[in-house]
Amino acid sequence: MRLPAFRYLAPKTLAEASRMIADAGPDGMLVSGGTDLFPNMKRLQFDPRILVGLRHLSELLGVSGDPHRGMRIGAATPLHQLGLHPAIRARYPALATAAGSVATPQIRRMGTLGGNLCVDTRCNYYNQSYEWRRAIGFCMKRDGDVCLVAPGSPRCVAVSSSDTAPAMMALQATVVLSGPDGERTLPVAALYHDDGMAYLAKRPEEILTAILLPPVDGLRNTYWKLRRRGSFDFPILGVAASLRLDGDGTCTDARIVLGAVASRPVEAIEAEKLLLGQRLTSDLIEEAAMAAYRPAKPLDNTDLTLAYRKRMARVFVARALRELANLP
Amino acid sequence: MGEEKEEYSIIGRPLIKVDAMAKVTGETKFADDLALPRMLHAKLLRSPHPHARILSIDTGPAEALPGVHAVLTGRALPIKFGILPVSQDEEALATEKVRYVGDPVAAVAAVDEETAEAACRLIRVEYEVLPALMSVGEALAREDVRIHDYGPRGNIHKEVALEFGDVEEGFAQADHVREDVFFYEGSTHLPMEQHAALAAHGPDGKLCLWSSTQTPHYVHRALAKVLELPASHIRVIALPNGGGFGGKSDPFSHEIVVCKLSMLTGRPVKICLTREEVFYAHRGRHPVTLWFKTGVTRGGAITAMHFRSYLDGGAYGSYGVASLYYTGALQTVTYRVPRYKFEGVRVFTNKPPCGPKRGHGTPQPRCALEVHLDKLAEALGLDPSEMRRRHLVQPNSVTVNQLRIGTVGLGECLDRVVERSGWKAKHRKLPFGHGIGVAGSAYISGAGLPIYWNALPHSGVQIKIDRGGGVAVFCGSTDIGQGSDSVLAYVAAEELGIEPEDIRVVTADTDLTPVDLGSYSSRVTLMTGNATIQAARKLKAQLFEAAGEKLGVPFDRLRAAHRRIFDRDNPEAGIGFVEAAVLAEAKFGTLGAVGSYTPPKGLGKYKGAGVGPTPTYSYSAAVVELTVDPETGFITVDKVWLAHDIGKAINPLLVIGQIEGSVYMALGEALMEEQAFRKGVHKIPSMLEYKSPTFLETPQMESILVETLDPAGPYGAKEVGQGVLLPVVPAVLNAIYDAVGVRIDEVPASPEKIVKALEAQRRGRASGNGRLPSVTFPEPTVVQPTGA
């Protein structure tokens, strides 16, 4: 398979990049590591005429701050750096684990945090070659107008497949978006829509420049990923969880976020409510896991069956919470 | 040829492969690395429908695209072909019908790949869509929708019914009879290298094809037939294959198409399949439903066995008739089976054609049989390793289906894996979630018959020695990574008393090398090894005669080793190899010799008796220890012990390499690989979504070599390329049962199946046997047993 021809623009500054992507209009796309974009271009899922490269913009690089004051991570930071960063590993293990489990070591060296947060939603009717999609009939996400997974669905149900997005939500991180009209910040949760096509709240001409992690302040956190193999695979379920426990073990803060169960990461609010003000016992965790798995509505468009993936949401939430509560 | 010499200087040593340095430095030229001046690039247009009639093809717009040199349809290549003479059902490009999504319909040669691809998208094909038959059940039910117009009826490609001895009488004598149904999912080879081919039709009217093929001789024959050229005007060169595993053993559409395009354009034409196209070329493991009914005595001796197989063949014949026979052939060569009945059927479906994948037709029944035996052992209260051990076939015996057994190392293989794994302390004794399983198996060391009937040798070798002492070995065999080039060098070096690095090996070129039938059926080491010994010994006799004259030492006291020919009784008295070569050339003229090998004839005379015979069977036993997470169904394979009766390890390093590769491949089939379809289309034709194990899923392995020195093999050697895959898959299933107490009677044993079975167990429901397709088998051919 060949990569279609395109024009590559290499801006020197963020301002220049913003101008270039705005000028390119619908023909333009941003590229950082390119580990997802280029294979997708070969399959004609995207056909940009212009790519604006973000990889070498100094405004998008670097990790600063510390867990006491909070940290700022440049969006073009390679994923492997996050997986290895001592402070992130120690205090934001949800992020280190999520970033360290994306794809393969080689891809994590090229792929960036911003790229993983903005990674295209996936569906095994869509992540296929042009000829394959033509054979089965094009879907609404590209070249067609129906959803092949859920034929009655008015919207695309492609799956949010970012590992770092649920982790960042559980860590209550915010993203910095830079556009022609200046900068704005959004909680990571607000970056996503539950729509497989329009899955990002980021405007096309906006550039995700940085991710801000709040001070860790005793927040225990973890990330559990379900996939067939220990490497390569996108998540078919991701569970990011964070808890604060006070002196006697009472839960004062809880976030449980499921990845790869919908077109955006899904926060299990009912389960969180069950935990607040309580001590984490095995029974309570089981109850919370039951509550968390209810909103999970996987569809038949990734690896393994949907019934199995739904069932695993309960198992993985329970395991994540047990880990945070130091239960065996 | 299997006599043991006092001492070998090359055989049995863990030597480097002759092509190792080129491989690890990236210097090896694979087919896609080749380029010729003025070369064009080809692309195939493939069917988007699983089953459709072609009404019209308009190539006009494609031809008009700048950069396009030729557009080809099936009208220019009307002659059908196929690997087996009985299944000549393939077309290079479909003319009337397409039979699976991916079936080639048209081809373009253009200045570059992008232009060829763009031109393919401009070809307009009008189809009349026909019902797609995507399973054995559907294909059997719709006799009115025939995928092919040959075969006994409906969509049955081939049916078999054979009975050896009276099985009912055997069941009547049994203390215990049980039946089991299994399903073994289809899987694909997944070689690292995608198929590629380059053709050049020269101004002299001669055609040359360079291709990543395991079988240049069969490709040569197919080209002569389809292109209507004299075989003598066609040269096929097989490049080193970046993995084959059976997936490059058929003549393929793309090979014929680039030849025709080169003939039309007068330019070299190259094609390299995409990974997705490799999934369509396929010829992989048949999905098979299997049924076993076996009677045993209280002691575990088998009194009778009745076996049925139902093969989902995909859209074309390929090797399918052989695959079908193989599912029923080798049940009898491990444990003694005095009465045996085999009924089988291969059915056409609208999927990429299945064919030979490592173990060809035998992993599916072997898996089912070894799980079936595990259940029988439990019912009888016997240790499953003991039960197998007690009822082995005897060496130098004949089975009930008239297969001749050579040496049998299965008992020692079982003993060794049982001992090394600590089986006795673990089986049924590990904590919940941890389990251990055992299985045995056998495989052929080369098929007894060629693909097409002929009385010619299966393997030919030519050796020449020049006056500088240079030795060149010429052989048609194809190195697909297994080390066949190295084996030629080791054997010739051993016989001539020189080092493998002194030898130039020239292989897989139909113009330059004598025919070897190809790298399939685990035949190459045994057959080319024997042919090389024969050729080399002719030359050695000439060298010895010349050297003996010079040294004044009688012929039978001479030895060749370490680049010298010397007196066995007085090793100081000797001359160098180069000097001996010069003396021999002076005495005899130009030094050259040929050797060839033909396997012994099989004993059986019944129809189907051609599949199963071999010069000697290899034997293997595996113990698998694993951990099951009962909540998620995920399996971690902790360790695999694999003992293999190799006869004689010509190079133990390469034997272990084949064992480890086979264990890895077996675990993929056992745990995750699935050639899955949805809405008529391959569901996951990519290396990301077709799940096969990574390093991280690959367990610790212990390879144990058992040597039984079979007289049929070179220095006593047997095969190792395929047979070692077989026992691993059932050992996994048996270990799962040992770990969590549920039987998964199918592969892959994916996490969801395990969770489901455990759920059924909790609710007190047995996870029931699968259903058999509805087939009425013909009356069996009854064959009177001649075996002991």
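B:Y443 sits opposite B:S618 in β24(B). This is a predicted model, where local features need pLDDT of at least 70, side-chain atom pairs count only at pLDDT 80 or more, and totals for chains, interfaces and linings use all residues. Residues count from 1 along each chain as its sequence is written, while chains are lettered from A and ligands numbered from 1 in the order in which they are written.

**The sheet in chain B**
- β16(B) and β24 (617–628) run antiparallel over eleven bridges; pairing takes at least two DSSP bridges, and strands (E, at least two residues) and helices (H or I, at least four) are DSSP runs numbered from the N terminus.
- The open sheet has four strands, ordered β16-β24-β25-β28, with mixed pairing.
- β16 (434–444) and β28 (700–706) are at the edges with a single partner strand each, so one side of each has no neighbour in the sheet.
- Helix α17 (652–671) packs on the sheet, touching β25 (635–645) and β28; contact means C-beta atoms, placed from the backbone, within 7 Å.

**Helix α9 in chain B**
- Ten of the ten residues of α9 (320–329) are buried, meaning 20 or more other C-beta atoms within 10 Å of a residue's own, again placed from the backbone.
- Those buried residues, including B:L324 and B:Y325, pack against β7, β13, β14, β15 and α10 of chain B.

**Where chains A and B meet**
- Chain A puts in 21 residues and chain B 25.
- On chain A's side, α8 (130–136) and α12 (306–324) each supply at least two residues, and α8(A) has the largest share, five.

Terms used
A residue is buried if 20 or more other C-beta atoms lie within 10 Å of its own, exposed if 12 or fewer, and partly exposed in between; C-beta atoms are placed from the backbone. Two residues are in contact if their C-beta atoms, placed from the backbone, lie within 7 Å. Axes are lines fitted to C-alpha atoms, for helices over the stretch in contact, and angles run from 0 to 180 degrees between N-to-C directions.
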